[in-house]
Amino acid sequence: MDAPHVVGGPAPAVPGRAALEVSPLPGRPGIRARGEISVLTRPSWEQALSELARRHADVSYVELSDVAFVDVAGVTALAVTAMNLPDGRVVVENPPPQLPRVLEMFWSGLDRIEVAL
């Protein structure tokens, strides 16, 4: 099992600044994110998704129960990552409410993403 690795670790506690922490999921392929996915944290999110795609084998998990907000561009990055996988799917667990809505609005036929609430 890989040791925890933080991608784009939390930003210093500065009022008005968003932070995103992404780490591997213990015991299964995927990532866990904590914080916000927005314009301020998108580079870290996209880097984590690139790593997820690089290590992808059939099913990858993205656990988002500790994500308070994801913007449309963050959902787009997730959808594009899933569309570019050679096979398999991404299971998104416990996302913030706007993520399934945005997926349904713009990528309703995308069967490479499964949302588990």
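Among contacts in the protein chain between residues at least 6 apart in sequence, what share joins residues at least 24 apart? After that, please look closely at helix H3 and at what covers its buried residues.

Analyst: The share is 58%, where contact means heavy atoms within 4.5 Å. This is a predicted model, in which local features need pLDDT of at least 70 and side-chain atom pairs count only at pLDDT 80 or more, while totals for chains, interfaces and linings use all residues. Residues are numbered from 1 along each chain as its sequence is written, and side-chain values use heavy atoms, with hydrogens and water left out.

First, the setting. The protein chain has 3 helices and 5 strands, in the order β-β-α-β-α-β-α-β along the sequence. Helices (H or I, at least four residues) and strands (E, at least two) are DSSP runs, numbered from the N terminus.

Now the part itself. Helix H3 covers residues 98-106 and, with strands E4 and E5, makes a right-handed β-α-β unit. Right-handed means that, with the strands pointing away from the viewer, the path from the first strand over the helix to the second runs clockwise. E4 (residues 89-93) and E5 (residues 113-116) are paired in the parallel sense over 4 bridges; strands count as paired if DSSP finds at least two bridges between them. One place to look for this pairing is Glu93, whose bridge partner in E5 is Ala116.

In the loop between E4 and H3 lies Asn94. Its phi is near 50 degrees, a positive value in a residue other than glycine. Most residues other than glycine have a negative phi. Asn94 is partly exposed, at 36% relative accessibility. On this scale, buried means under 20% relative accessible area, exposed over 50%, and partly exposed in between (1.4 Å probe, protein chains only).

Within H3, the buried residues are Gln98, Leu99, Val102 and Leu103. Seen down the helix axis, they fall within an arc of 135 degrees, so they line one face of H3; the arc is that of the directions from the helix axis to the C-beta atoms. The face turned away from this buried side carries the exposed residues Arg101, Glu104 and Met105.

What covers the buried residues of H3 includes E4 and E5, and also strand E3 (59-70) and helix H2 (72-83). E3 and E4 pair in the parallel sense over 5 bridges, and Ser60 has Val90 in E4 as its bridge partner. E3, H2 and E4 make a right-handed β-α-β unit.

Leaving aside its neighbours within four places in sequence, Val62 is in contact with residues including Trp45, Leu78, Val90 and Glu93. In soluble globular proteins, nonpolar side chains tend to be buried together.
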